[in-house]
Amino acid sequence: MLCAVLFILLPCLALGVLIISRDAWHMLDVSKIVDTEQSTRVFDSDGNEISCLFATENRIDIEIQTLPEYIKNAFIAAEDARFYTHRGFDIIRIFGAALNDLKAQAYVEGASTITQQLIKLSHLSSEKELTRKLDEAILAYQLEKIYDKDEILELYLNYVYFGNGCYGIEAAARTYFGVQAKDLSLAQAALLAGVLKAPTRYAPHLRPDASIGRRGVILELMAEYGFISEAEAKTAQAEPLVLAENVKNNRRGYYIDLALTQACELLDIEMIELLTGGYRIETMMDSNIQSICEAAFANDQYFPEYNGESAQGAIVIVDSSTGGVCALLGGRDNDIALAYNRAVEIRRQPGSAIKPILVYAPALENGYTAATMLLDEQTDFGDYTPKNASGRYSGWVTMREAVTKSLNIPAVSVFSELSPAVCKSFASRLGISFHSLDTRLALALGGFTYGVSPYQLAGAYAAISSGGVYNEPYVIASISDSEGNELYRHQSNAVRVMQKGNAFILTSMLTSVVESGTAQSLSALNIQLAAKTGTVGDSTGNRDIWLASYNPDYAAVIWMGYDDSSGGRQLPADSGGGTYPAEVMKEIFTNIYIGRVAPVFSVPDDVISVRLDKHTLSHSYQAVLASDLTPTESSVYEYFLKGTEPVIETSYWAVPKPPEDLRLQKTNEGVSLTFTPQSPYFEYRLYREDSSGYAVLLQTFTNNVMPCTYTDDTSGMSGVYYYYVVPSHPELTIDGIPVVGEASQRVSVWLYYLPYSFGT
């Protein structure tokens, strides 16, 4: 009897001594479980997840209380039916497994509980040795003294590997089924629970039939343990296996890479830390607009070619009211991670696309108006003699015409008059940067030392679109850590850089560019847009073509060109901002406003619309008010900042006044008459009338600014004669009848004739 007792006690005593002596009592490090790599998630402006990024392990932690009971029970049935009753290790399973191992004379069963599995995966090797199993049990027991059962199950579900690069149930649910873990169906939960036994054998994307078979086993176990009914098990088993074909949260590209780069800068961390820290990055991306841009950039017909090589491009679209970047592409190869981002990294000469920002906006702020007359003729500005791209010159034009036609000479003239320093100071407030060498007048035409980026230029145009308020463009709205603590939130840095009225007037001039100027191809859209083109090149071809366009919602800038000009790469000579980029812009704005009405620009309170006399503008080169008699076809409306509008009315469209100084003098030839015209525009008819009232038109005077003189040969004439002048308007009619003014005061002369040689 004693021997039997000793036979039982001695092994138990030895086992106890062995357990007490194990180093495992000092090995537990919960940080190995809780401080795991977690995927970083990126969200768009609507809160939709657009990308899930990771370094080596795709893991997204979830909280156990978010999961339905059937999901938790699927894993308990599959791995540890007595999970809620044991203390970390299951004696019944251990003895059962040991008996089976003795029969097989090998380690065939592990007998590990969920807690033990978590310990094994985080602390120990996978070798099946008795000492390792003891360490596993010891650490499991310790872990259960620290955490309750639900906490351990949560740690387990967030830690285990499901194959296909997925760590944790959330990553697995998203990758395999395209849903969040909380939305898994019973069949999907049972399938994932079955994968854990051997991911390479049961992963549904590798071996779907085996995965479905294993799912059936789990469902039967759930029914056997009373977690679900037999009917529920059969229904779930009949559910077809449907895997996610294109998981949305694997999206990558220029926008997301820029967000990641900026997040590292904002948090002052390395990229590897960002990708493993479980951060939540909320961006300003509008997923719909981003997709529209990607589709347009994928269309080869929108991009010119050189020897079969398509040009590159970049686009930035900014929310005008906030400065948030709605969409961004730094090239046409959008799937390459951390690729060269032309939207933010290139510096190219912008050509005429810079004129509104660097020349005409500061001009309006310094007293110019849209009706200010500018001279477009070949001009030598010291050592700089710019030319118009067409080689033709328009003479005197309004600022609006100069902007619409993208004339170079007026732009340089204004830039010179204001001074480069004043203009650069203004543009700098709109986010445009300059090199110290950028001091020449060529800067007015985009002649930068290095240039600008589409990102900078889009931000500048957004300031005009917003009514003169500059918001520095930004991609990231907020960043939170894996615990939900907010680490960063964008703070508005809005600053008024331009009077609201002047911003509208500049916008109005840029809508003329669309209506009748270099961006006229955009006028086919049923959307009100303002735009400015830019082209940089020479007679052999173009290097860079730009288009900036905006409405009250968005400001967009497109650049096209080649990364370098090696091998003679050039854009076609007939390409420009109004060609290929305009086609892309039309496609984008058309699709943005499908199903909704595009906004229009509204006239602010500090702006007034004035009817001007077109004739005086084109002949006297000054802006004056139209009169009541000014014909509609000779009127033009222009916007002015209140207080800057003209107050003088046209003197052309009026009933002409007669001269006030008609003078008569006898000469040897007869009678000399002189008068001063009231206006060079009117016609003046000089009449002679005899005493019987018969009048003769002597001469019609036109286009005279100097006194008019006429000598009337009166030889052979006798009697009293009267002379007077009648003014008339060469163009003005009322009810189809030419307008004639009152006759001048009459001057008279008495003449007599002798038929002899005594003379008159």
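Reply: Contact means heavy atoms within 4.5 Å. In the protein, residues 24 or more positions apart account for 67% of the contacts with a separation of 6 or more. This is a predicted model, in which local features need pLDDT of at least 70, side-chain atom pairs count only at pLDDT 80 or more, and totals for chains, interfaces and linings use all residues. Residues are numbered from 1 along each chain as its sequence is written, and side-chain values use heavy atoms, with hydrogens and water left out.

Now the cysteines. A disulfide is a pair of cysteine sulfur atoms within 2.5 Å. By that rule the count is zero. Cysteine 293 is in no disulfide. Its nearest cysteine sulfur belongs to cysteine 326, 9.4 Å away. Cysteine 293 counts as buried because its relative accessibility is 0%. Buried means under 20% relative accessible area, exposed over 50%, partly exposed in between (1.4 Å probe, protein chains only). Cysteine 423 also has 0% relative accessibility, so cysteine 423 counts as buried.

Next, the whole protein. Of its 760 residues, 51% count as buried. The radius of gyration, taken over C-alpha atoms, is compared with a globule rule of 2.2 Å times the number of residues to the power 0.38. The protein has 43 Å, whereas a compact globule of 760 residues would have a value near 27 Å. Along the principal axes, the C-alpha atoms fill a box of roughly 185 × 55 × 50 Å.
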